[in-house]
Amino acid sequence: MSISGNKFLVQFGMAKAILRFDSDVSLTFTITEKNGEPQDTTETVAIKMTELRPRLFLITWQEASGTTVTQVHDYENEAVYSNWTSADGEFTNLKGTLNPA
């Protein structure tokens, strides 16, 4: 499965974002909602993408703020598992849904 060139809606409950895979090494994310409030934050990041099995990917990146992100995208079960550490050291771990946008 190639996810490059596709967009996905990610929903974590407290946040929603659209992930656009520009290529196998580039992702543009747009945060559309955070804590129930509309957002419009967009950033393009360099990613490392590893296919763990068909339709299951490990994706990692670092944002301009210094936040590091590791996500497991399970396209078979429409689930995303996300872990990130902010620049100030706060660690967050969430499970959400992953659907074509």
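Modeller: Two strands count as paired if DSSP finds at least two bridges between them. The strands themselves (E, at least two residues) are DSSP runs, numbered from the N terminus, as are helices (H or I, at least four residues). On those terms, 8 strands form a closed barrel with antiparallel pairing, in the order E1-E2-E3-E4-E5-E6-E7-E8. On average, neighbouring strands of this sheet are turned by 30° against each other, direction ignored. Axes here are lines fitted to C-alpha atoms, for helices over the stretch in contact, and angles run from 0 to 180 degrees between N-to-C directions.

First, the ground rules. The model is predicted, so local features need pLDDT of at least 70 and side-chain atom pairs count only at pLDDT 80 or more, while totals for chains, interfaces and linings use all residues. Residues are numbered from 1 along each chain as its sequence is written, and side-chain values use heavy atoms, with hydrogens and water left out.

Take the pairing of E3 and E4. They are antiparallel, over 8 bridges. Within that pair, Ile31 has Thr41 in E4 as its bridge partner.

Now the nonpolar core. The term means a set of buried Ala, Val, Leu, Ile, Met, Phe, Trp, Tyr and Cys residues joined through side-chain atoms within 4.5 Å. Buried is under 20% relative accessible area, exposed is over 50%, and partly exposed is in between (1.4 Å probe, protein chains only). The largest such core has 18 residues. Those with the most contacts inside it are Ile3, Phe21, Leu27, Ile47, Ile59, Trp61 and Tyr75. At least two residues of this core come from each of E1 (7–11), E2, E3, E4 and E5 (56–62). In soluble globular proteins, nonpolar side chains tend to be buried together.

Look at Ile47. Contact means heavy atoms within 4.5 Å. Setting aside residues up to four places away in sequence, Ile47 touches Phe21, Ser23, Asp24, Val25, Ser26, Leu27, Ile59, Thr60 and Trp61.

Next, the charged pairs. A salt bridge puts a side-chain nitrogen of Lys or Arg within 4 Å of a carboxyl oxygen of Asp or Glu. The structure holds 4 of them.

One joins Glu33 and Lys16, with 3.8 Å between the closest N and O atoms. Glu33 sits in E3 (residues 26–34) and Lys16 in E2 (residues 15–23), 17 residues apart. Both count as partly exposed: Glu33 at 22% relative accessibility, Lys16 at 30%. Lys16 also touches Val10, Gln11, Thr30, Ile31 and Thr32, residues up to four places away not counted. From Lys16 to Pro54 it is 25 Å, C-alpha to C-alpha, over 38 residues of sequence.

Another salt bridge brings Arg20 and Asp22 together at 2.6 Å, N to O. Arg20 is partly exposed, at 38%. Asp22 is partly exposed too, at 34%.

Asp74 and Arg53 meet at 3.9 Å, N to O. Asp74 is buried, at 6%, whereas Arg53 is partly exposed, at 32%. Shared partners join Arg53, Asp74 and Glu76 into one network of salt bridges.

Last, E8 (residues 91–100), which holds Thr92. Thr92 counts as buried, at 18%. Neighbours within four places aside, Thr92 is in contact with Ser82, Asn83 and Trp84.
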